[in-house]
Amino acid sequence: MGRLLYELGLLDERKRLTNERESSKIGKGSFNWAWEMDGTIEERARGVTMDIALQTLATPNRQITVLDAPGHKDFIPNMISGATQADCAVLVVDAATGEFEAGFDRGGQTREHLVLVRSLGVSQVVVAINKLDQVKWDKDRYDEILEVLKLFLAQTGFNASKTAFVPVGALSGVNLVTREGQESEALNTWYKGPTLVDLLDNLEPPNRAITAPLRFPISNVFKGLTGGMAVSGRLCSGVVQVGEQLRIIPGDETAIVKSIEVDDEGVPWAAAGSNATLYLTNVDPIQLNIGSVLCPPTDIVPLTASFIARIIVFDIQLPITIGAPVELFHHSHNVPANIAKFLATLDRGTGAIVKKNPRVLTKGMSAEVHITLRTTSMSGPASRAQAIPLEPFAVNKEMGRMLLRRSGETIAAGNEVPRDYVGFPELTYRPGIILDINPKA
């Protein structure tokens, strides 16, 4: 990403030289381009992206906000937080001998990242096949990786018309913005297609739920430079404007929007799809938490700690059993939960009930399950799980997506049970959602 910013003129030569010099001092010279986005001391010392970094860039027809997400498995929760805010994905894979295979084989991060972004509603993906210069721009190697990923993308639910592939040599800047000069000669002998920026310029903006009630999940909380509190995140739906009073969920507190920034510029309002920073007044800072949702006082987002979900189980090695403890991810929320009951397994094509009250769930199964949140405090008669803001997928898609993980592995995803669902009338739990991964949904 650092080299792309440099080619676009967003990273000046002085800053580039500073990053190169400072990274070499600590023996991380090969990471000097990554230093533009990896800004913390720990990220630079370890040589890995650990948290989400945000940058804005412009192409001839698009204004793009880039969320640079971690690739290391230890920081998947941060990656999920970034993916929930994305409209499309750029997946960078390593074409070096053995490296692609290591990332794509079972347990590799290439597989998990594609499953995660599709599960969180991302339907467009650009695959940048990088480091082809290390295999002497071998077309056969490019074609080999392309064919493997094409098949997996289709199996994961990506439409072929919304996927694109591009060969790049990021370290030398080949085919990022242009394909000129001596370093590009080998690639030019067999590739005549678009550059990475050309593909970014042709991405289709999704439809925005502008007319729906405001839903603003908080992804970061910090103090403003001029005092007061600020929150950042992405508007899932609706519009927010300066001077508006908002409700903070969970809780019964309100805040007033003092000012709004989008792409580091002050604006009078922001709409669904915008990554915005809201500066708030008349609010106790203790009421602002990552994972909370801002909404209108007249149309608040529902809260729940127990719900029914229709899930699809991923390619797992160990089956899911009744009562299994899991981590439930919803935007920037990460809360402990239990799969309290398996209601039925379903036919993935028709949704028809195959078997009621199954004992276990194995890979590839679709099922109706009852999810309950677990308390994070000490046990006792007064302890109970805190409800979190959820909204049915049919009402608000972005507020209805989440993931289930277990022991560092993403194990399931799904979509909501409709409110008028009568398959199990004896249940009185409020319907809820996991997320939409089924391409037919």
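# Reading a predicted model

Mentor: A352 is partly exposed, with a relative accessible area of 39%. Keep in mind that this is a predicted model.

Trainee: Why is A352 called partly exposed?

Mentor: Set the value against the cut-offs. Buried means under 20% relative accessible area, and exposed means over 50%. A352 has 39%, so A352 is partly exposed.

Trainee: Where does A352 lie?

Mentor: A352 sits in the loop between strand 19 (333–346) and strand 20 (353–356).

Trainee: Which residues does A352 touch, not counting residues up to four places away in sequence?

Mentor: They are T345, L346 and D347. To count as a contact, heavy atoms must lie within 4.5 Å.

Trainee: What does the whole chain look like in numbers: how many helices and strands?

Mentor: The chain has 9 helices and 25 strands. Of its 441 residues, 50% count as buried.

Trainee: What share of the contacts with a separation of 6 or more comes from residues 24 or more positions apart?

Mentor: That share is 66%.

Trainee: Now the sheet. In what order do the strands of the open sheet with 3 strands run?

Mentor: The order is 3-4-5, and the pairing is parallel. From one strand to the next, the twist averages 20°.

Trainee: What makes strand 3 (88–94) and strand 5 edge strands?

Mentor: Each of these two strands pairs on one side only.

Trainee: How do you know that strand 4 (residues 124–130) pairs with strand 5?

Mentor: Count the bridges. Pairing needs at least two bridges between the strands. Strand 4 and strand 5 are joined by 5 bridges, and they run parallel. For instance, V125 has T163 of strand 5 as its bridge partner. A128 is partnered by V166, also in strand 5.

Trainee: How does the chain get from strand 4 to strand 5, and what is the hand of the crossover?

Mentor: The chain passes through helix 7 (residues 139–156), and this β-α-β crossover is right-handed.

Trainee: Why is strand 5 described as largely enclosed by the rest of the structure?

Mentor: 5 of the 5 residues of strand 5 (residues 163–167) are buried, so the strand is largely enclosed. Look at the two faces. T163, F165 and P167 are buried on one side, A164 and V166 on the other.

Trainee: Which strands do the helices on this sheet meet?

Mentor: Helix 6 touches strand 3 and strand 4, and its direction makes about 175° with that of strand 3. Helix 7 lies across strand 3, strand 4 and strand 5, at about 160° to strand 5.

Trainee: How do helix 6 and helix 7 cross?

Mentor: Their axes come within 10 Å and cross at roughly 35°. The crossing is right-handed. Helix 6 brings T110, R111, L114, V115 and R118 to the contact, and helix 7 brings L149, F152, L153 and T156. By class, that gives 5 nonpolar, 2 polar and 2 charged residues.

Trainee: And which residues of helix 4 (residues 76–83) meet helix 6 (residues 109–119)?

Mentor: I76, M79, I80 and A83 of helix 4 meet Q109, E112, H113, L116 and V117 of helix 6. The classes here are 6 nonpolar, 2 polar and 1 charged.

Trainee: What is the angle between the axes of helix 4 and helix 6, and what is the hand of the crossing?

Mentor: The axes cross at roughly 35° and come within 10 Å. Helix 4 passes helix 6 in a right-handed crossing.

Note on methods:
Residues are numbered from 1 along each chain as its sequence is written. This is a predicted model: local features need pLDDT of at least 70, side-chain atom pairs count only at pLDDT 80 or more; totals for chains, interfaces and linings use all residues. Side-chain values use heavy atoms; hydrogens and water are left out. Buried means under 20% relative accessible area, exposed over 50%, partly exposed in between (1.4 Å probe, protein chains only). Helices (H or I, at least four residues) and strands (E, at least two) are DSSP runs, numbered from the N terminus. A crossover is right-handed if, with the strands pointing away from the viewer, the path from the first strand over the helix to the second runs clockwise. Axes are lines fitted to C-alpha atoms, for helices over the stretch in contact, and angles run from 0 to 180 degrees between N-to-C directions. A crossing is left-handed if the near helix is turned anticlockwise from the far one by less than a right angle, and right-handed if clockwise. Ala, Val, Leu, Ile, Met, Phe, Trp, Tyr, Cys and Pro count as nonpolar, Asp, Glu, Lys and Arg as charged, and the others, Gly among them, as polar.
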